[in-house]
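Please look at the sequence and the model first.

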Amino acid sequence: MRTIHEYRLRFYLNAHHYVIFDGRKGSTHPHTWEICVVCRFPRNEFRRFSDYEKRLADLLEPYQNTLLNDKAPFNSLNPTLENVTEYFCDQFSRALRKVSGELRRMEVSESLSRTYILENSMEDHGMANETSSEYFTGLANSVLDVLDLD
């Protein structure tokens, strides 16, 4: 059995927006979007949580306490829950790849009852093509974790 090591990080985006449906502009209203990401990093590379958290929080900062419709890309892209999630998923994925990370799942909630989820498969990010030594190192670590020989 192979153990997969992932982190779950949460962020909050406070912003206003309005959506346009059938050519009609809806009312401007606020949200505190909850953004939850599950990401994977190489086990053999130690990094502080704060390194990842700051990198991702910095991506959200220009949008904090703004009207999303005034900010690119939402000044030309309808800022629906789905479009907001897909945009930030792409941005977070790029940022994590720069530090050897893989975004596995992203959930964005605009309310307690509405969450949009995007999930990436291992094949999409090359994780399925790990070398044999990486696989056996992971396997050995899993066995040691189970045996707890400390």
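The model is a predicted one.

**Aromatic rings**

The structure holds 10 aromatic pairs. In one of them, the ring centres of Tyr63 and Phe74 are 6.1 Å apart and the planes stand at 75°; an angle over 60 degrees counts as edge-to-face, so this pair is edge-to-face. Both Tyr63 and Phe74 lie in the loop between α1 (49-60) and α2 (81-97), so the pair ties together parts that are 11 residues apart in sequence.

A further edge-to-face pair is formed by Phe88 and Phe92, with 6.4 Å from centre to centre and 65° between the planes. These two residues are 4 apart in helix α2, which separates them by about one helical turn. An α-helix has 3.6 residues a turn, so residues three or four places apart point the same way.

How exposed are the residues of these two pairs? Their relative accessible areas are listed in the table.

| Residue | Relative accessible area | State |
|---|---|---|
| Tyr63 | 8% | buried |
| Phe74 | 2% | buried |
| Phe88 | 1% | buried |
| Phe92 | 0% | buried |

Tyr63, Phe74, Phe88 and Phe92 belong to one aromatic cluster that also includes Phe11 and Tyr87. Another ring, that of Tyr18, has the charged end of Lys25 over it, 4.4 Å from the ring centre.

**The nonpolar core**

The largest nonpolar core has 26 residues. Which residues have the most contacts inside this core? They are Phe11, Ile35, Val37, Leu56, Phe88, Phe92 and Met106. At least two residues of the core come from each of β1, β4, α1, α2 and β5 (102-111). The element that gives the most is α2, with 7 residues.

Phe92 shows what such contacts look like. Leaving aside residues up to four places away in sequence, Phe92 touches Phe11, Ile35, Val37, Leu56, Leu59, Leu60, Leu103 and Met106.

**Helix α1**

Helix α1 has 12 residues. From the first C-alpha to the last, α1 reaches 17 Å, close to the 16 Å expected at 1.5 Å a residue. The buried residues of α1 are Tyr52, Leu56 and Leu60. They cover an arc of only 80° around the axis, which puts them on the same side of α1. What covers these residues includes β1 (6-17), β4 (29-40) and α2. Two of the buried residues of α1, Leu56 and Leu60, are also among the residues that Phe92 touches.

Thr85 lies in helix α2. Is Thr85 buried or exposed? Thr85 has a relative accessible area of 0%; under 20% counts as buried, so Thr85 is buried. Apart from residues up to four places away in sequence, Thr85 touches Met106, Val108, Tyr116 and Leu118. Met106 is also one of the residues touched by Phe92.

Gln91 is found in helix α2 as well. With a relative accessible area of 21%, Gln91 is partly exposed. The C-alpha atoms of Gln91 and Leu59 are separated by 7.5 Å, although the two residues are 32 apart along the chain. Leu59 is in turn one of the residues that Phe92 touches.

Technical notes. Residues are numbered from 1 along each chain as its sequence is written. This is a predicted model: local features need pLDDT of at least 70, side-chain atom pairs count only at pLDDT 80 or more; totals for chains, interfaces and linings use all residues. Side-chain values use heavy atoms; hydrogens and water are left out. Rings of Phe, Tyr and Trp (its six-membered ring) pair if their centres lie within 6.5 Å; planes under 30 degrees apart count as stacked, over 60 as edge-to-face and the rest as tilted. Buried means under 20% relative accessible area, exposed over 50%, partly exposed in between (1.4 Å probe, protein chains only). A charge sits over a ring if NZ of Lys or CZ of Arg is within 6 Å of the ring centre and within 35 degrees of the ring normal. Contact means heavy atoms within 4.5 Å. The expected span of a helix is 1.5 Å times one less than its number of residues. The arc is that of the directions from the helix axis to the C-beta atoms. A nonpolar core is a set of buried Ala, Val, Leu, Ile, Met, Phe, Trp, Tyr and Cys residues joined through side-chain atoms within 4.5 Å.
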